[in-house]
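Good morning, and thank you for coming.

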Amino acid sequence: MDLYNVYPLFDINIVKGEGCRVWDDKGTEYLDLYGGHAVISIGHAHPHYVECISSQVQKLGFYSNSVINTLQTAVAEKLGRLSGYEDYSAFFVNSGAEANENALKLASFTNGRTRVISFKKAFHGRTSLAVEVTDNAKIIAPINSNNHATYLPLNDIEAVRAELAKGDVAAVIIEGIQGIGGIVVPEPEFLQQLQVACEETGTVLVLDEIQSGYGRSGKFFAHQWAGIRPDIITVAKGIANGFPMGAVLISPKFTAVFGQLGTTFGGNHLACAAAQAVLDVIEDENLLENVNKVGEYLMTELKKIPAIKEVRGKGLMIGIEFEEPIKEIRTKLLFEEHVFTGVSGTNVIRLLPPLSLSMEQARDFIARLHKVIG
Ligand SMILES: Cc1ncc(COP(=O)(O)O)c(C=O)c1O
């Protein structure tokens, strides 16, 4: 059987990782400034992570959500404490798209409405409603195109207010920092006004923190830079450092109804062991402090490079926009300098390294980038 050919692949077979470095099958070492697409939060093969998963799988890998799972309770308790959302409830799922599906479903169950406001260049996943509220016509199949979504310009509060005034909007969904859209940070005043506008109209505010959350921006959630508290927060990617997992964090305003949401695999024992290890390391190794320190250094150094048009982002979620397409720079970084980076559109390089990236590794990256762009 062949693989269904939907991914344009680099001809590199990664077989090993440690911290912020990975190795291919030929033994070549790479600096990982991509984190497997913002997924590796605490670093590859972190010893505590390896230990937690290994010991859990020897005891019990999985049992269904029909019995008590104290590992879920422990993850929810620590996640609430570290993020400042102790009064919220967690519903564990398997991916980012699934988290957003459940968030939007919950909004609609709660206020009975069916429209969703999202924003230009937004990305929220590839399943049913998640893809419908994603502003990319190429990935929305006709079966997913059901007139639920209206995409508005980011930071345009008047446009949002005009739509919410119609009284039929179930939810507004917005990324803490737009990721695939090119690392665009929403204006704090816009987020504050958005929260008020949603409250006034009974609209559920969903903050998609799937890429920008879990410490990546230097606060636990990127929206916390604006001091808002959304009704629902969705997380995935960094939550379990590569183990497939997501979560919907739900305000105490909502009342849980038996059977309304559900999943077979979500929050299974092995996933929870991975998620617990991530939270332990974020706390024990002060990773948020590291993100702020190393992120600031990278931003400062990148802003000094004349060839770069704009540097955007927060913490270790950085977009580097060039005047010209970046394909050659990115290819040279990978094949000559052995650095993995991400991309957005044609002109933006995205940096999404593990949150444990050291100052030395950041300096090393800047030196390698200088070698490529001269
Ligand atoms: C902001 C955002 N939301 C949702 C998703 C979808 O997550 P998943 O691929 O786990 O379904 C992504 C993935 O890149 C994302 O960046």
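Predicted model: local features only at pLDDT ≥ 70, side-chain atom pairs only at ≥ 80, totals over all residues.

**Helix packing around α8**

Helices α2 and α8 pack with their axes 9 Å apart, at an angle of about 155°. Because of that angle, α2 is roughly antiparallel to α8. Residues are numbered from 1 along each chain as its sequence is written.

Some terms are needed here. Helices (H or I, at least four residues) and strands (E, at least two) are DSSP runs, numbered from the N terminus. Two packed helices are described by the angle between their axes and the distance between the axes. The axes are lines fitted to C-alpha atoms, for helices over the stretch in contact, and the angles run from 0 to 180 degrees between N-to-C directions. Angles under 35 degrees count as roughly parallel, over 145 as roughly antiparallel, 65 to 115 as roughly perpendicular and the rest as oblique.

The crossing of α2 and α8 is right-handed. A crossing has this name if the near helix is turned clockwise from the far one by less than a right angle, and is left-handed if the turn is anticlockwise.

Which residues of α2 and α8 meet? From α2 they are His48, Tyr49, Cys52, Ile53, Gln56 and Val57, and from α8 they are His269, Leu270, Ala273, Ala274, Gln276, Ala277, Asp280 and Val281. Two residues are in contact if their C-beta atoms, placed from the backbone, lie within 7 Å. The contact of α2 with α8 divides into 9 nonpolar, 4 polar and 1 charged residues. In this division Ala, Val, Leu, Ile, Met, Phe, Trp, Tyr, Cys and Pro count as nonpolar, Asp, Glu, Lys and Arg as charged, and the others, Gly among them, as polar.

Helix α8 (residues 269-284) also packs with helix α3 (residues 70-83), at an angle of about 30° and with the axes 9 Å apart. α3 is therefore roughly parallel to α8. Their crossing is left-handed. On the α3 side, the contact is made by Leu71, Gln72, Ala74, Val75, Lys78, Leu79 and Leu82. On the α8 side, it is made by His269, Cys272, Ala273, Ala275, Gln276, Leu279, Ile282 and Glu283. By class, the contact of α3 with α8 holds 10 nonpolar, 3 polar and 2 charged residues.

**A further helix pair**

Let us turn to helix α6 (residues 157-164) and helix α7 (residues 188-201), which pack at an angle of about 10° with their axes 10 Å apart. α6 and α7 are therefore roughly parallel to each other. Ile157, Val160, Arg161 and Leu164 of α6 make the contact with Phe190, Gln193, Leu194, Ala197 and Thr201 of α7. This contact has 6 nonpolar, 2 polar and 1 charged residues.

**The ligand**

How many residues surround the ligand? There are 14, and the closest are Ser95, Gly96, Ala97, Gly125 and Gln211. A residue is near a molecule if its C-beta atom, placed from the backbone, lies within 6 Å of it. Helix α4 (residues 96-111) gives the most to this shell, with 3 residues. The shell divides into 5 nonpolar, 7 polar and 2 charged residues.

**Individual residues**

The cut-offs are 20 or more other C-beta atoms within 10 Å for buried, 12 or fewer for exposed, and partly exposed in between, with C-beta atoms placed from the backbone. Leaving aside residues up to four places away in sequence, Ile232 touches Ala103, Leu106, Val204, Val206, Val248, Leu249, Ile250 and Ser251. The C-alpha atoms of Ile232 and Ile250 are separated by 4.8 Å, although these residues are 18 residues apart along the chain.

Ile349 is in strand β15 (residues 348-351), and Ile349 is buried, with 23 other C-beta atoms within 10 Å.

Finally, consider two loop residues. Ala45 is found in the loop between α1 (35-38) and α2 (47-59), where phi of Ala45 is near 50°, a positive value in a residue other than glycine. Ala45 is partly exposed, with 15 other C-beta atoms within 10 Å. Asn286 has its place in the loop between α8 and α9 (287-303), and its phi, near 45°, is a positive value in a residue other than glycine. Asn286 counts as exposed, with 12 C-beta neighbours inside 10 Å.
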